[in-house]
Amino acid sequence: MKTVNILGTDYEIRFVDEFPEYLKEVGEGADGLCNWHDRDIFIKRCNDNDMTAAGRERCDRDTLRHEIIHAY
C-alpha cells in the first residue's frame with residue numbers, strides 16, 4: 001500500500017479489483033474513488049485484456065492522477 005501527501009494530509013492509495021462493499025453503489029461505473037472521510041484513494045485496476053501491460057499501467061496512473069485532483 002502506498003501513501004501520498006496532499007496539502008499536509010496523507011491518503012492511502014489502494015489498487016483494487018473491486019471497490020469495498022460500502023462504496024460499490026457510489027463507484028458504480030467509476031475507475032477510481034476518493035474517500036475524503038477515511039482518506040483513502042481507491043483505483044480499480046484496469047483489466048482490459050486487449051491492452052498491453054504498459055497500457056494498463058498508464059491507465060492506472062491516469063486514474064490515480066484524477067483522484068489526487070479530487071483529494072486536492
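Strand β2 (residues 9-16) and strand β4 run parallel, and 5 bridges join them. Strands here (E, at least two residues) are DSSP runs, numbered from the N terminus, and two strands pair if DSSP finds at least two bridges between them. Keep in mind that this is a predicted model: local features need pLDDT of at least 70, side-chain atom pairs count only at pLDDT 80 or more, and totals for chains, interfaces and linings use all residues. Residues are numbered from 1 along each chain as its sequence is written, and side-chain values use heavy atoms, with hydrogens and water left out.

β4 has another partner too: strand β3 (residues 32-35) is joined to β4 by 4 bridges, and this pair runs antiparallel. Here's how the two pairings look:

| Strand paired with β4 | Bridges | Direction | A residue and its opposite in β4 |
|---|---|---|---|
| β3 (residues 32-35) | 4 | antiparallel | L33 and F42 |

β3 and β4 form a hairpin with 4 residues between the strands, where R39 takes a positive phi near 60 degrees.

So how covered is β4 (residues 40-44)? It's mostly covered, with 4 of its 5 residues buried. Buried means under 20% relative accessible area, exposed means over 50%, and partly exposed is in between (1.4 Å probe, protein chains only).

Now zoom in on D40, which is found in strand β4. D40 counts as buried because its relative accessibility is 7%. Its side chain joins that of R14 through a polar contact of 3.2 Å. A polar contact is a pair of N or O atoms within 3.5 Å; within protein, one must be able to donate a hydrogen and the other to accept it, and residues adjacent in sequence count only if both atoms are side-chain atoms. Leaving aside neighbours within four places in sequence, D40 is in contact (heavy atoms within 4.5 Å) with Y11, E12, R14, L33, C34 and N35.
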